[in-house]
Amino acid sequence: MSIPGYSYKFGHKHLLSIEDLSRLDIEHILDLSEEFAEATRAGRRPEPHLKDMTVINLFFENSTRTMSSFEIAARRLGADVVAMPIAQSSVKKGETLIDTAMTLNAMSPDAIVIRHSASGGVKLLSRKVDCAVINAGDGTHQHPTQGLLDTLTIRRTKGRIEGLKVTICGDILHSRVARSTTLALHLLGAEVTLCGPATLLPSGTEHWGAARTTHSFDDAIEGADVVMMLRLQMERMNGAYLPSQREYFRNFGLTKERLARAASDATVMHPGPMNRGIEIESAIADGERSVITQQVEMGVAVREAVLKLLAGRSV
């Protein structure tokens with residue numbers, strides 16, 4: 001990033017939370033991600049910035065998109081990638097997260113990408129290792145690279161972030177994506193509205209930078225430039241959060257009729273995996289306004305940028 005009279009350097013050792021980043025940090029990551037995305041589309045391989053380096057993927061929760069995306073990004077940059085099979089690891093024998101961290105640290109990796117079911121688990125591990133740590137999702141807390149890739153997708157699609165009206169609808173309560181994406185968009189000047197049933201819309205979202213919250217999807221989507229739907233995280237719901245999935249879709253599902261309330265050129269997003277017919281109609285998910293597959297594409301570019309900045313100690 002070049003700003004006359006201003007010297008900028010990305011000075012973070014880890015990427016644990018969007019809250020740790022400034023607007024300049026986010027814009028720097030997005031600009032670098034743009035370069036990787038354009039190179040991929042042009043069929044060019046990036047420089048092997050991570051040659052002879054080791055990246056460990058440590059996923060305590062199941063993942064397809066995120067884990068594969070990080071692995072592809074690391075390999076494109078020339079790193080050796082080690083996937084730790086938690087189901088066969090010492091964690092299943094009672095080893096604590098701190099013990100795991102100390103064991104991995106003794107192997108001298110250059111970066112650890114970790115997803116953990118406990119909010120704060122990634123930060124705890126980062127205090128016990130010498131290498132860069134990247135949060136790939138911790139409990140219901142943060143998923144910073146998802147927030148960055150969502151923001152990059154919007155910027156590429158709309159040409160800007162500043163002044164956009166973005167509606168995020170669904171299971172806000174259990175969504176680390178909602179928190180990270182809202183924080184990133186707010187820092188870049190977007191107006192974010194969070195929407196969901198009362199049981200799935202937590203208090204305190206103003207601290208994320210949300211402009212408002214509402215239980216009316218019809219109201220939330222009115223005039224929106226971007227509509228992002230979130231998955232119902234049934235695996236995190238202990239109790240009766242919803243009367244039924246059918247009623248949920250009737251009130252909060254994205255349909256053709258409901259999308260007509262948004263701006264005529266509104267962009268549709270979903271971080272995946274999708275529950276078709278519960279959160280979103282298939283015709284909308286696969287329609288011309290959908291950029292869901294572009295989110296996946298941008299995910300690799302963002303993770304290339306983050307790995308280069310952290311493991312590669314780039315500026």
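Buried, in this presentation, means under 20% relative accessible area, exposed means over 50%, and partly exposed lies in between, computed with a 1.4 Å probe on protein chains only. By that rule serine 108, at 56% relative accessibility, counts as exposed.

Good morning, colleagues. The structure before you is a predicted model, in which local features need pLDDT of at least 70, side-chain atom pairs count only at pLDDT 80 or more, and totals for chains, interfaces and linings use all residues. Residues are numbered from 1 along each chain as its sequence is written, and side-chain values use heavy atoms, with hydrogens and water left out.

Let me stay with serine 108 for a moment. This residue is found in the loop between α3 (97-106) and β3 (111-116). Helices here are DSSP runs of H or I of at least four residues, strands are runs of E of at least two, and both are numbered from the N terminus. The phi of serine 108 is near 55 degrees, a positive value in a residue other than glycine. Most residues other than glycine have a negative phi, and most peptide bonds are trans. Aspartate 52 also has a positive phi, near 70 degrees. Its place is in the loop between α1 (23-41) and β1 (54-59), and with a relative accessible area of 65% aspartate 52 is exposed.

I turn now to the pocket. Rolling a probe the size of a water molecule over the atoms shows where empty space is left. On a 1 Å grid over the protein atoms alone, a pocket is an open set of points with protein on both sides within 12 Å along at least five of seven lines, whereas a cavity is a set of points where a 1.4 Å probe fits but cannot get out; lining residues have an atom within 4 Å of a point. Grid points are joined across faces, edges and corners, and a volume is the space filled by probe spheres set on the points.

How much space lies in the largest pocket? About 700 Å³. Its lining has 36 residues, and Arg65, Arg231, Pro271, Gly272 and Pro273 lie nearest the centre. The elements that contribute two or more residues to this lining are α2 (65-76), α5 (144-158), α6 (176-187) and α11 (292-310). The largest share, six residues, comes from α11. By type, the lining divides into nine nonpolar, 17 polar and ten charged residues. In this count Ala, Val, Leu, Ile, Met, Phe, Trp, Tyr, Cys and Pro are nonpolar, Asp, Glu, Lys and Arg are charged, and the others, Gly among them, are polar.

Arginine 231 is found in the loop between β8 (226-229) and α8 (245-252) and is partly exposed, with a relative accessible area of 22%. Glycine 272 lies in the loop between β9 (267-269) and α10 (282-285), and at 22% relative accessibility glycine 272 counts as partly exposed. Proline 273 is found in the loop between β9 and α10. A cis peptide bond joins glycine 272 and proline 273, with omega about -5 degrees.

Among the buried residues of α5 are Pro144, Leu148, Asp150 and Arg155. The expected span of a helix is 1.5 Å times one less than its number of residues. For α5 that gives 21 Å, and its end C-alpha atoms are 21 Å apart, which agrees. Glycine 159 follows α5 and has a positive phi, near 85 degrees. The helix α6 is mostly covered, with nine of its twelve residues buried, including Arg176, Ser180 and Leu185. The twelve residues of α6 should span 16 Å, and its end C-alpha atoms are 17 Å apart, which agrees.

Finally, the cysteines. A disulfide is a pair of cysteine sulfur atoms within 2.5 Å, and the structure holds zero disulfides. Cysteine 169 is in no disulfide; the nearest cysteine sulfur, that of cysteine 195, is 4.0 Å away. Cysteine 169 is buried, with a relative accessible area of 0%, and cysteine 131, at 4% relative accessibility, also counts as buried.
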